[in-house]
Amino acid sequence: MKLVVQVKLLPTPVQAAALDATLRACNRAADQASRVAYETGVTSRNDLQKAVYTDLKARYALSAQPVVRVVKKVVDAYTTLRANLKAGHLGPADSKRYRRATGSPIAFRPQAAQPFDDRCLSWRMDARTVSIWTVHGRLKNIGFAASPDQLKTLVAYRKGESDLIFRDGKWFLAATCEIPDPEVFEPVDWIGVDRGIVNLATTSDNTNYQGQRLSRYRRWQARKRAELQAKKTRSATRRLARRGKREHRHATHMNHVISKEIVSVAQRTGRGMAVEELGGVRDRVRLRRDQRGTLSAWPFHQLGQHLAYKARRAGVPFLEVDPAYTSQRCPRCGHTGRANRPDRDHFRCRRCGLAGPADLVAGVNVRDRARSAWVFVTMPVAPGPTPA
């Protein structure tokens with residue numbers, strides 16, 4: 001599996017100025033290559049490189065390999081755009097974004113991230129420094145800060161490109177590491193995980209991760225955003241951006257903590273992990289106006305991603321199961337009905353009388369569906385007909 005390790009660079013003011021000039025030159029070159037790709041319809045990396053290589057190298061004072069990386073960045077951007085259009089992520093329903101995506105060349109921010117390969121960037125893990133090509137020459141001995149675990153991962157598994165990133169006045173390098181997948185063990189049972197808004201996650205073991213603190217924090221942030229939006233000043237806009245990033249980091253941290261605990265329990269007990277497949281939930285549900293912000297801020301997708309990749313790293317079996325009626329079906333007798341859930345928090349079967357917390361019942365149903373699904377996943381393939 002591929003894992004991105006991000007380290008913080010510690011450049012001197014002179015080094016930072018050279019890095020800034022390099023990003024700006026590379027992104028001006030990317031804008032030029034993007035205009036050529038848009039006007040000529042060239043989508044092949046080799047063809048686009050032949051068309052712009054000489055011009056970019058001379059006009060923007062770039063070396064050979066940075067020009068190659070710039071062209072690849074442009075081609076990848078158009079590939080992603082076509083994939084989003086094909087998947088319906090951009091369309092007439094979002095007309096402004098759709099026109100911008102299809103009616104003009106892709107533009108790159110002046111300080112957008114730039115990929116570097118090993119010809120342009122080298123690491124010295126023992127000294128915690130990097131050497132990187134810039135438009136002002138090769139910069140050596142740029143320090144970086146990393147944890148011991150990050151260093152071990154970089155030394156053992158770093159492979160491929162590293163992205164130079166400038167964000168919030170700080171410099172970072174994001175390195176790609178290819179970590180071998182451990183062998184997935186045969187589970188003795190499963191842990192079902194029900195995701196929600198009031199309770200972020202509830203497992204079939206009756207472990208509950210409540211979302212009250214996160215909801216309270218989001219409501220407080222929403223009030224602060226409304227106050228800043230009312231000011232309509234540049235300073236308020238900058239503060240709004242910082243608050244949005246802070247809120248995102250807070251939710252991401254909570255998802256990391258929750259997913260790490262659930263995966264560690266599954267690994268320690270030799271069980272697999274199952275969640276509901278909740279893709280397209282916004283398209284399936286119609287909400288009142290006052291509920292839209294809550295659903296949009298619900299970080300269920302990120303929690304599912306964290307559970308999936310942490311389970312993969314630990315060798316824990318992971319399944320996504322059908323979410324239909326998991327909170328309305330009785331796990332004892334199988335009776336399914338809306339009346340089984342009289343309110344959000346409680347479940348009571350109208351047939352056999354089984355009662356309990358609704359989220360726990362949903363987690364148990366997810367676990368039971370994973371048990372059934374795993375039988376088909378691991379079922380041996382029947383041999384084909386013997387030829388005559």
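Colleague: Leaving aside neighbours within four places in sequence, which residues is Val75 in contact with?

Modeller: Once the neighbours within four places in sequence are left aside, Val75 is in contact with Thr43, Arg45 and Leu48, where contact means heavy atoms within 4.5 Å. This is a predicted model, in which local features need pLDDT of at least 70 and side-chain atom pairs count only at pLDDT 80 or more, while totals for chains, interfaces and linings use all residues. Residues are numbered from 1 along each chain as its sequence is written, and side-chain values use heavy atoms, with hydrogens and water left out.

Colleague: Where is Val75 found, and is Val75 buried or exposed?

Modeller: Val75 is found in helix H3; helices (H or I, at least four residues) and strands (E, at least two) are DSSP runs, numbered from the N terminus. Val75 is buried, with a relative accessible area of 12%, and the cut-offs are under 20% relative accessible area for buried, over 50% for exposed and partly exposed in between, with a 1.4 Å probe and protein chains only. The C-alpha atoms of Val75 and Val42 are separated by 9.1 Å, the two residues being 33 apart along the chain.

Colleague: Ok, on to H2: which of its residues are buried, and what covers them?

Modeller: Leu48, Val52 and Leu56 are buried in H2, and what covers the buried residues of H2 includes helix H1 (13–40) and helix H3 (64–87).

Colleague: How far apart are the end C-alpha atoms of H2, and where does H2 bend?

Modeller: The end C-alpha atoms of H2 (residues 45–59) are 20 Å apart, which agrees with the 21 Å that its 15 residues should span at 1.5 Å a residue; the expected span is 1.5 Å times one less than the number of residues. H2 bends by about 50° at Val52, the bend being the angle between axes fitted to the seven residues ending there and the seven starting there. H2 is followed by Ala61, whose phi is positive, near 55°.

Colleague: Switching to Asn27, which residue's backbone oxygen does its side chain reach?

Modeller: The side chain of Asn27 reaches the backbone oxygen of Arg109 at 3.4 Å. Asn27 has its place in helix H1 and counts as buried at 1% relative accessibility. Leaving aside neighbours within four places in sequence, Asn27 is in contact with Lys73, Phe108, Arg109, Pro110, Gln111 and Ala112.

Colleague: What about H5, which residues are buried there, and why do they count as being on the same side?

Modeller: Leu151, Thr153 and Leu154 are buried in helix H5 (residues 148–157). They are on the same side of H5 because they cover an arc of only 165° around the axis, the arc being that of the directions from the helix axis to the C-beta atoms. On the other side of H5, Pro148, Asp149, Lys152, Val155 and Ala156 are exposed.

Colleague: Which strands do the buried residues of H5 pack against?

Modeller: The buried residues of H5 pack against strand S1 (2–10), strand S3 (121–124), strand S5 (137–145), strand S6 (158–167) and strand S7 (170–178). Two strands pair if DSSP finds at least two bridges between them. S1 and S7 pair in the antiparallel sense over seven bridges, with Val5 opposite Ala175 in S7. S6 and S7 also pair in the antiparallel sense over seven bridges, and Ala174 in S7 is the bridge partner of Asp163. Their hairpin has two residues between the strands, and Asp168 takes a positive phi near 55° in that hairpin.

Colleague: And S9, how many of its residues are buried?

Modeller: Five of the five residues of S9 are buried, so S9 is largely enclosed by the rest of the structure. Thr202 lies in S9 (residues 199–203) and is buried, with a relative accessible area of 3%.

Colleague: What does Thr202 stand opposite in S10, and what polar contact does its side chain make?

Modeller: Thr202 stands opposite Asn208 in S10, and the side chain of Thr202 makes a polar contact with the side chain of Asn208 at 3.2 Å. A polar contact is a pair of N or O atoms within 3.5 Å; within protein, one must be able to donate a hydrogen and the other to accept it, and residues adjacent in sequence count only if both atoms are side-chain atoms. S9 and strand S10 (residues 208–210) run antiparallel and are joined by three bridges.
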